[in-house]
Amino acid sequence: MAVDAENVGNVKRQLAKLFEVSLPATVPSETDIVPLVDACIVKSGVRFGDYQCNNAMGIWSKIRGEETEFRGPAAVGQAIMNNLPPSDMVESCSVAGPGFVNVVLSRNWIAQSLIKMLIDGIDTWAPRLPIKRAVVDFSSPNIAKEMHVGHLRSTIIGDTFARMLEFSHVEVLRRNHVGDWGTQFGMLIEFLFEKFPNPEDVKEAAIGDLQTFYKASKVRFDSDPEFKHRAQQAVVRLQGGEDKYHKAWKQICEISRTEFHRVYERLGVKLEEKGESFYNPYIPGVLEELNKKGMIEDNEGARVIFVPGIKIPLIVVKSDGGYNYASTDLAALRYRINEEKAEWIIYLTDVGQQQHFDMLFKAAKRAGWLPADDGSYPKATHVGFGLVLGEDGKRFRTRSSEVVRLADLLDEAKNRSKTALLERDTAKEWPEEEVEKTSQAVGYGAVKYADLKNNKLTNYTFNFDQMLNDKGNTAVYLLYAHARICSIIRKSGKDIEEVKRNAKMALDHEDERALGLHLVQFSEVVEEACINLLPNVLCEYLYNLSEIFTKKFYSNCQVVGSAEESSRLLLCEATATVMRKCFHLLGIEPVYKI
């Protein structure tokens with residue numbers, strides 16, 4: 001059977017195509033049966049196949065009691081298996097328990113799939129999602145405040161979401177919804193005017209540490225009523241569009257933006273800023289539309305929207321007539337759906353904002369912007385994440401109880417990584433540039449992976465010693481495993497491109513086959529991680545791949561100097577290729593020697 005080009009890398013979808021022929025042939029009376037195909041799991045130390053079709057019990061529950069040739073789900077499963085069309089994919093099938101159809105993939109087919117991927121490129125294994133454009137709203141620090149450890153998870157997880165979607169042929173609008181509009185700007189602008197009466201003197205070097213500048217202005221705001229009054233007036237003048245205040249606002253934003261950019265550059269994260277201020281002009285029109293739809297009510301001097309299932313209202317105009325987060329977020333959501341034509345809008349914030357987004361999405365459904373059915377498009381999803389904790393189980397802070405600056409945290413990760421690297425005899429002879437580059441890749445990768453391997457909803461404890469350990473489920477272990485594979489290929493002395501063109505791959509040893517099977521499951525794992533927004537699923541796959549390579553294949557299958565050298569070099573190259581794509585999706589820079 002020919003397989004759709006769009007399913008070329010996804011084993012589950014390719015098998016489902018076979019069962020799409022078998023199922024209607026088995027029960028012609030039941031139309032629109034969706035094949036339920038999953039990878040087999042080990043039960044009591046036994047795995048009956050590589051994949052399993054689980055439709056038999058569901059079909060039996062539908063036809064039971066009718067005139068039928070079947071006498072139970074096992075008989076249905078047997079018929080499903082018998083009606084499978086011939087395929088090069090399948091080595092053997094069996095039926096177990098109440099009709100589970102177990103499929104063992106052909107060794108030759110697995111090998112050919114890997115060779116084809118190596119020749120055509122791993123991008124041919126990219127998932128195909130039912131959308132073309134998405135917005136990922138992540139990171140979003142506040143202007144004039146330094147990025148700290150609290151921004152770490154949003155930035156790292158959001159970047160991985162964007163990378164997985166981009167790999168899956170989705171155009172991603174990477175939005176940095178920075179807090180660049182609000183009451184704090186009156187305070188900052190007025191303080192700026194005091195410190196620098198001449199606007200030409202306002203430079204990043206003159207202001208110095210922006211966080212210190214913010215704190216000093218806040219102290220002034222809290223302690224000096226006259227300054228506070230001027231600051232409040234400055235907000236009105238800024239929002240009224242007065243040139244002097246708008247210029248000061250732009251200067252503060254630009255200095256802050258430069259600081260953010262340095263951190264993003266170090267993390268390898270790309271973002272397009274569309275802050276709160278961008279949506280401000282759209283708010284009146286959006287509120288007018290919602291008002292015409294009868295959604296906005298007066299409530300204790302404020303203007304609010306009530307949403308189903310929640311007693312407290314969504315405040316869209318404060319009692320003093322000002323706008324707030326809800327006003328801005330409604331305008332942003334409508335803009336993203338109507339102007340940017342996004343089919344999936346993903347918001348990444350801490351779990352504490354869950355209710356806000358729940359109310360926002362329900363209001364959007366009331367307005368008819370989003371469909372009532374969560375499975376339809378366009379759709380909006382809030383992804384919450386837990387806290388980063390210190391060893392004491394509380395929010396991760398410095399000894400002086402300050403939040404940890406993200407730049408300082410990255411510096412320490414890199415420095416610790418460099419110290420560990422220089423303890424290795426081989427690295428002592430490396431040029432300084434290579435030491436720096438490798439230390440950075442390992443240090444930053446360790447920080448990212450330690451976050452991404454956890455379930456995003458749970459809190460996790462930040463521990464440098466654990467994340468920089470070269471044993472266990474860490475980026476260091478994974479990066480070293482990749483470097484080891486590259487070393488094996490180098491030691492062979494063979495041109496891997498020539499081996500790809502001329503050699504054949506055989507998976508005769510059981511550990512060769514186990515590695516090959518895990519490799520061809522890459523596409524469906526990425527699809528699951530992408531659709532369910534679970535980076536930890538991809539991390540688990542990558543760790544298991546490294547374990548299978550290191551503890552099974554590499555331990556039991558000699559590569560260099562063996563009769564199977566060329567075939568096994570191809571398996572090494574396929575493993576390294578998949579690992580590098582996993583690293584890329586997780587925002588981790590691979591290392592090639594260690």
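1. The protein chain exposes about 27600 Å², of which carbon and sulfur atoms supply 49%; accessible areas come from the Shrake-Rupley method with a 1.4 Å probe, and for residues only the protein chains shown count as cover. Buried residues make up 53% of the 594 residues in the protein chain, where buried means under 20% relative accessible area, exposed over 50% and partly exposed in between (1.4 Å probe, protein chains only).

2. This is a predicted model, in which local features need pLDDT of at least 70 and side-chain atom pairs count only at pLDDT 80 or more, while totals for chains, interfaces and linings use all residues. Residues are numbered from 1 along each chain as its sequence is written, and side-chain values use heavy atoms, with hydrogens and water left out.

3. The protein chain averages a pLDDT of 92, and 96% of the residues score at least 70; pLDDT is the predictor's confidence in each residue, from 0 to 100. Over residues 1–5 pLDDT stays under 50, and the model has 7 contacts beyond four places in sequence for this stretch. Contact means heavy atoms within 4.5 Å.

4. The C-alpha atoms of the protein chain fill a box of roughly 85 × 75 × 40 Å, taken along the principal axes. The protein chain contains 23 helices and 14 strands; helices (H or I, at least four residues) and strands (E, at least two) are DSSP runs, numbered from the N terminus. Among contacts between residues at least 6 apart in sequence, 73% join residues at least 24 apart.

5. An open sheet is formed by 3 strands in the order E8-E9-E10, with antiparallel pairing; two strands pair if DSSP finds at least two bridges between them. Strand E8 (296–299) and strand E10 (314–317) are the edge strands, each pairing on one side only. The twist averages 45° from one strand to the next. Helix H12 (residues 283–292) packs on the sheet, touching E8, E9 and E10, and its direction makes about 95° with that of E8. Helix H14 (residues 354–366) also packs on the sheet, touching E9 and E10, and its direction makes about 70° with that of E10. Axes are lines fitted to C-alpha atoms, for helices over the stretch in contact, and angles run from 0 to 180 degrees between N-to-C directions.

6. The largest nonpolar core has 159 residues, and Leu 105, Leu 165, Leu 409, Phe 462, Phe 522 and Val 578 have the most contacts inside it. A second, separate core of 35 residues includes Tyr 279, Ala 331, Leu 360 and Ala 363. A nonpolar core is a set of buried Ala, Val, Leu, Ile, Met, Phe, Trp, Tyr and Cys residues joined through side-chain atoms within 4.5 Å.

7. Leu 173 is found in strand E6 (residues 171–176) and is buried, with a relative accessible area of 11%. The C-alpha atoms of Leu 173 and Ile 345 are separated by 9.4 Å, although these residues are 172 residues apart along the chain.

8. A cis peptide bond, with omega of about 0°, joins Tyr 377 and Pro 378; Pro 378 is found in the loop between H14 and strand E12 (379–385). Ala 144 is not a glycine, yet has a positive phi of about 75°, and counts as buried at 0% relative accessibility. Leu 533, likewise not a glycine, has a positive phi of about 55° and lies in the loop between helix H21 (522–531) and helix H22 (535–556).
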